[in-house]
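Hello,

Here is the structure I promised to pass on to you. Have a look at it first, and then read my notes below.

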Amino acid sequence: MQSIRGVLKLTKYVINGRAHNPSDAIMAKVLVTGGRGFIGSHLSKFLEGKGHDVSIFSKRDGKGGGDIADYDSVLKATSGIDWVFHLAGVSSVSKTGEGSDEIFKSNIAGTHNVLLACHQNKVERVVFASSSYVYGKPQSIPVSEKSALAPRTLYGLSKLVGEEYCRYYSRIGLQTIIARLFNAFGEGQTGRVVPDFILRYKKSKSPVEILGNSADSRDFLSIDQACLALLLLAEKGKSGEAYNVGSGVETRILDLAKLIAQEMGSKNDALRKDLNYEYDEGSALRMFADIGKLKALGFTPKSLDESQLSAMIK
């Protein structure tokens with residue numbers, strides 16, 4: 001397989017204004033920042049399975065690992081790279097100022113380091129992992145990319161700043177695509193609603209209590225689908241544009257809990273205890289994506305079902 005840089009005249013990917021036929025045997029040199037995290041690790045394996053040459057840049061590699069706050073390290077890591085998937089950063093969604101220094105260092109200054117280094121090294125494309133948290137509490141759902149951006153957490157604000165950096169660098173020649181990720185789930189995930197429910201059902205001898213409002217809902221997308229969407233954005237996304245990455249299906253949290261219980265063969269049901277508060281700090285009670293822009297690129301979503309949960313439950 002040949003490197004993208006050696007076959008630009010044959011391509012139908014949007015690279016240097018030329019197109020590339022995805023059926024051609026083209027191998028991109030790819031860097032995944034945050035490649036040891038949940039999404040990053042799955043994405044790295046997925047891209048390798050597609051024949052791409054993947055490098056990982058992650059603080060989790062310990063001494064000598066990749067810290068996006070260190071510009072010189074980022075500049076070195078992005079040299080000779082075709083595509084960068086920028087997933088590294090802090091994911092705390094607290095509404096307080098807790099962790100604000102680290103959020104600024106990683107999500108804002110770190111993202112700028114990545115984009116500046118990619119611009120300096122003439123990287124072809126950058127896919128930036130943003131978040132549905134940039135929408136805050138939307139006035140209507142589903143939320144489209146044209147919905148108002150009003151983050152209610154420092155995390156959401158940091159992602160919005162990252163998006164603005166992407167748009168700036170797009171205007172000066174670096175192709176950047178923004179992926180607003182909703183609720184990706186899958187094997188190896190911890191500390192999120194799906195693995196939390198699975199753990200609680202395994203431990204509980206009584207019905208699992210879910211605190212919140214009966215209308216609580218989210219847009220859940222399997223990690224395999226999320227990886228497909230991210231690759232599609234690298235191949236076909238328009239520079240400077242944002243794309244919602246979700247299933248486009250609203251799933252009530254209560255229904256999710258019951259689905260997990262059913263798949264686990266649990267006799268324990270889920271009990272809803274209504275409270276006048278938001279189930280996830282800093283976000284809306286109801287949230288799901290309009291994915292029309294992503295579908296226009298050829299994405300075919302799959303709604304949440306038992307088969308997507310089985311690997312996590314095992």
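**What I found**

Leaving aside neighbours within four places in sequence, T111 is in contact (heavy atoms within 4.5 Å) with I68, H86, S106, F128 and G162. T111 is part of helix α3, residues 100-120; helices here are DSSP runs of H or I with at least four residues, strands are runs of E with at least two, and both are numbered from the N terminus. With a relative accessible area of 1%, T111 is buried. Buried means under 20% relative accessible area, exposed means over 50%, and partly exposed is in between, using a 1.4 Å probe and protein chains only.

Before going on, please keep in mind that this is a predicted model, where local features need pLDDT of at least 70 and side-chain atom pairs count only at pLDDT 80 or more, while totals for chains, interfaces and linings use all residues. Residues are numbered from 1 along each chain as its sequence is written, and side-chain values use heavy atoms, with hydrogens and water left out.

Now to the cysteines. How many disulfides does a search of the whole structure find? The search finds zero, a disulfide being a pair of cysteine sulfur atoms within 2.5 Å.

Next, the aromatic rings. A search of the whole structure gives three aromatic pairs. Rings of Phe, Tyr and Trp (its six-membered ring) pair if their centres lie within 6.5 Å; planes under 30 degrees apart count as stacked, over 60 as edge-to-face and the rest as tilted.

- Y133 and Y155 have ring centres 5.7 Å apart and planes at 75 degrees, so this pair is edge-to-face. The pair links distant parts of the chain, 22 residues apart: Y133 is in the loop between β8 (125-131) and α4 (154-171), and Y155 is in helix α4. Y133 is buried at 15% relative accessible area, and Y155 is buried at 10%.
- Y135 and F182 have ring centres 6.4 Å apart and planes at 35 degrees, so this pair is tilted. Both residues are buried.

Finally, K293 lies over the face of Y243, 4.5 Å from the ring centre. A charge sits over a ring if NZ of Lys or CZ of Arg is within 6 Å of the ring centre and within 35 degrees of the ring normal.

Best wishes
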